Amino acid sequence: MTRTPLYLLLTAGLMVGCGDSNSGETSSASATEGSSDATSSTTSPTNATTEPTSTSPTSGNSDSASTTDSPGTTTEASTGPDETTGNVDPSTTTTGPDTTTGVVDTTDGSTGGGDTTTGEMKECPLAEAHLPCDPGSDDALHAIGLNCTTAGNKWIDNDNAVKLAKLSFQAPPPMDGKRSWQVAKSYGTYIDPNTQKPFWSSREGDKVLLISSGLLPPPDGQGVVIVDDGDVYNDSGNGGQWDSDVMPPPMSPEHGSPDPMGYTNCDGKNDCSNTILDQWDLGGGDAEDKMWFSFELTAPAIANGQTSDAKGYSFDFAYFSAEFPEFVDSSFNDIFVVWQASEDYTGNVTFINGQPLTVTALWPIDFQGECDFFDPNCVGEDPHLEGTGYIFEGGATGWYQATGGVKPGETFLLAFGIFDMGDSTYDTTAIIDNWQWDCEGCVPNEVDSCGIIPM
């Protein structure tokens, strides 16, 4: 079928999803997905760099729920980010960096929201005051710019940090020293020639969070997660909640709006965007190797004594999958999804052209490792994928920024999930970083779908 280039789809409005299962995958070109027989390890992780041992959930969070695989612990919180480690300007909601390199210009050191219609940049005091706490921490939420109040010292809720409540972090038990999430300084080995820094490295602070439907090795001595070429066929969860054929709670694939176009009269339970169901059905509702986390947070408001009204939030991400390109438009349709439950809107907040972030919806991708059969225009083995495991098997999008909207002062829920669909072996991975409050915001509707933009 003829496909619209991704850069054109992005102008229509965008956001994401993912999934997995146990059966072998077969494409129309008779390619078949393999299987894995990973043995379970009895150890569980403490942090991203040492041999896993059992720990409690994120330290300092009294509302956190117990988890199978804890998101790490705080260690010697730094007094601030290292300006040489990849801090970027999160204000580029419309102009962004050079899309050919994925690099954001940090020369002016400014942050804040932007007018997505005119491209005019507007300062957001909440974003400007945000202070990363991950240089001295292996905490999963610290890595993306959240829950820094647990680091103590100078990190104060709504002044320069974002406090979380009711954190639930769910991941399958580690296997053979690997697990479905890692905190790292960077992913892969490709060095951007323009910046001389790792391409898949932090967008703010010092570290990123990697989540996967497969198994990720711990970072090396330099804090880099490196996956051997082709080692992206793993069964990370065996049975139980990891392989149950439902979306991670509280997510639902069912339509949450009576309007066929979605976004109106949300039922407060199901997907008000009405974007997930078709992609979920394409995967046969067969979700496996699930990994997810959720939390509540309260948006700053002038009425509550804060400096500004938070009308939304943003975060950066990139998406990798071994299912590109041969399983696009098939039942093997892994999903990465971000879900919001708030006063005015409940449902998927990451979508492209009316679809969640899946292998099918994200195609065509920026960096192809594997070429589709008999595609004379595909070079493949894109160097950006060096050390990610996907340079010969699959591919990846570039960096994108997602934006959602909320009411100032309201308490709302966010959930991040990634999982296989239709099989339990072909891995899909996402990098998440640079979570910020936004003073402009954007509530998805039938006219303005918010979505994601290239960085």
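## Salt bridges across the structure

Searching the whole structure turns up seven salt bridges, a term used here for a side-chain nitrogen of Lys or Arg within 4 Å of a carboxyl oxygen of Asp or Glu. Side chains of opposite charge can pair when their charged atoms come close. The model is predicted, so local features need pLDDT of at least 70 and side-chain atom pairs count only at pLDDT 80 or more, while totals for chains, interfaces and linings use all residues. Residues are numbered from 1 along each chain as its sequence is written, and side-chain values use heavy atoms, with hydrogens and water left out.

## Lysine 166 and glutamate 296

One of these salt bridges joins the side chains of lysine 166 and glutamate 296, at 4.0 Å from N to O. The two partners sit in distant parts of the chain, 130 residues apart: lysine 166 is in strand β1, and glutamate 296 is in strand β8 (residues 287–298). Strands (E, at least two residues) and helices (H or I, at least four) are DSSP runs, numbered from the N terminus.

How accessible are the two partners? Lysine 166 counts as exposed at 53% relative accessibility, whereas glutamate 296 is partly exposed at 22%. For these words, buried means under 20% relative accessible area, exposed means over 50%, and partly exposed is in between (1.4 Å probe, protein chains only).

## Two more pairs to find

Next, look for lysine 178, which forms a salt bridge with aspartate 231, their closest N and O atoms being 2.8 Å apart. Lysine 178 lies in the loop between β1 and β2 (179–184) and aspartate 231 in the loop between β7 and α4, so this pair ties together parts that are 53 residues apart in sequence. Lysine 178 is partly exposed, with a relative accessible area of 23%, and aspartate 231 is partly exposed too, at 24%.

Aspartate 344 and lysine 407 also meet through their side chains in a salt bridge, at 3.5 Å from N to O. Here, aspartate 344 is in the loop between β10 (335–341) and β11 (346–348), and lysine 407 is in the loop between β16 (400–405) and β17 (411–421), 63 residues apart. Both are partly exposed, aspartate 344 at 45% and lysine 407 at 35%. Which residues make up the network of salt bridges with Lys407? Glu343 and Asp344 are linked with Lys407 in that network.

## Polar contacts

Now turn to threonine 150, in the loop between α3 (140–143) and β1 (165–170). Threonine 150 counts as buried, at 16% relative accessibility. Its side chain makes a polar contact with the side chain of histidine 142 at 2.8 Å, and reaches the backbone oxygen of asparagine 147 at 2.8 Å. A polar contact is a pair of N or O atoms within 3.5 Å; within protein, one must be able to donate a hydrogen and the other to accept it, and residues adjacent in sequence count only if both atoms are side-chain atoms.

Glutamine 355 belongs to strand β13 (residues 355–358) and is partly exposed, with 24% relative accessible area. The side chain of glutamine 355 makes a polar contact with that of glutamine 279, at 2.5 Å. Along the chain, glutamine 355 and leucine 277 are 78 residues apart, yet their C-alpha atoms are separated by 9.0 Å.
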